[in-house]
Amino acid sequence: MTRKNRADRRLDLIAAAHRAIIRHGTDGVHLNHVAEEAGLTSGAVLYHYPQLGDLLVDAHHAGMERFYEQRLKRIAGMRDPVEKLVVTIRSGLPHGPDDPDVRLLNELGGAAPRNRMYALLLTTLYDRQVSLYQSVLETGAALGTFTLADDSLVIARNLVALEDAYGYRITARHPVIGPEEAAELILAYARTATNNPLKTSH
């Protein structure tokens with residue numbers, strides 16, 4: 001077995017912390033839980049992260065990348081505002097009720113009222129998601145593809161709020177709201193808000 005460098009070991013610990021948070025909850029996870037998930041001693045974990053809180057924050061931040069950084073990269077090469085908006089909407093929802101990244105976000109949301117750092121992480125993610133939608137909407141309006149029914153900021157905030165609401169319903173195992181149904185419900189609002197049928201060639 002090759003010896004891992006410090007950066008790789010930290011990435012492994014972040015992934016282990018991710019799993020431990022989902023298993024034990026943000027408030028219930030302890031150092032030994034992370035060590036067990038990582039297959040290491042508690043001392044080895046502390047060598048890389050002297051403060052468990054710093055590791056948990058990094059784990060939460062890494063789990064959030066999918067909902068902003070990865071979405072931004074995914075639509076970066078697209079020229080059609082309709083395709084951009086549809087892909088952005090669909091990529092913001094859980095894959096299913098056991099989606100680990102969304103379960104991590106749910107844990108973070110539950111702990112945010114008691115932890116200012118977690119609250120800041122969630123607020124920052126929300127603001128960045130709003131800015132992502134706002135950019136797509138304003139580009140579409142500038143090109144004449146969208147005729148916005150309201151200010152772009154209002155529409156963008158509503159889209160993120162709908163993502164959050166329907167995402168929770170999916171993870172709560174609502175019997176008739178899965179990823180596809182949720183996407184269509186959000187798209188129904190987006191069609192009204194953009195005055196565009198939002199049909200793509202895919």
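Which residues does Val34 touch, not counting residues up to four places away in sequence? The legends below start there and then move on to other sites. This is a predicted model, in which local features need pLDDT of at least 70 and side-chain atom pairs count only at pLDDT 80 or more, while totals for chains, interfaces and linings use all residues. Residues are numbered from 1 along each chain as its sequence is written, and side-chain values use heavy atoms, with hydrogens and water left out.

**View 1. Val34 and its neighbours.** Leaving aside residues up to four places away in sequence, Val34 touches Leu13, Ala16, Ala17, Ala20, Val29, Val45, Leu52 and Leu55. Contact here means heavy atoms within 4.5 Å.

**View 2. The whole fold, for orientation.** The protein has ten helices and zero strands; helices (H or I, at least four residues) and strands (E, at least two) are DSSP runs, numbered from the N terminus. Its C-alpha atoms fill a box of roughly 60 × 35 × 30 Å along the principal axes. Among contacts with a separation of 6 or more, 68% join residues 24 or more positions apart. Of the 202 residues, 42% are buried, where buried means under 20% relative accessible area, exposed over 50% and partly exposed in between (1.4 Å probe, protein chains only).

**View 3. The largest nonpolar core.** A nonpolar core is a set of buried Ala, Val, Leu, Ile, Met, Phe, Trp, Tyr and Cys residues joined through side-chain atoms within 4.5 Å. The largest one holds 55 residues, and Val34, Leu55, Leu85, Ile89, Leu159 and Leu198 touch the most other members. Elements giving two or more residues to this core include α1 (6-24), α2 (31-38), α4 (52-64) and α10 (179-194). Helix α8 gives the most, with eight residues.

**View 4. The largest pocket.** Its volume is about 320 Å³. On a 1 Å grid over the protein atoms alone, a pocket is an open set of points where a 1.4 Å probe fits, with protein on both sides within 12 Å along at least five of seven lines, and lining residues have an atom within 4 Å of a point. Grid points are joined across faces, edges and corners, and the volume is the space filled by probe spheres set on the points. Of the 15 lining residues, Leu105, Asn106, Leu122, Leu125 and Asp164 are the closest to the centre. Helices α7, α8 and α9 each supply at least two residues of the lining.

**View 5. Thr171 in helix α9.** Thr171 lies in α9 and is buried, with a relative accessible area of 14%. Its side chain makes a polar contact of 3.2 Å with that of Asn106; such a contact is a pair of N or O atoms within 3.5 Å, where within protein one must be able to donate a hydrogen and the other to accept it, and residues adjacent in sequence count only if both atoms are side-chain atoms. Not counting residues up to four places away in sequence, Thr171 also touches Pro94, Gly96, Pro97 and Val102, among others.

**View 6. Thr41 in a loop.** Thr41 is found between α2 and α3 (42-48), and is exposed at 52% relative accessible area. A polar atom of its side chain lies 3.0 Å from the backbone nitrogen of Ala44.

View 7. Phi is near 55° in Asn195, a positive value in a residue other than glycine, and Leu198 has a positive phi of about 55°. Asn195 is exposed at 51% relative accessibility, whereas Leu198 is buried at 5%.
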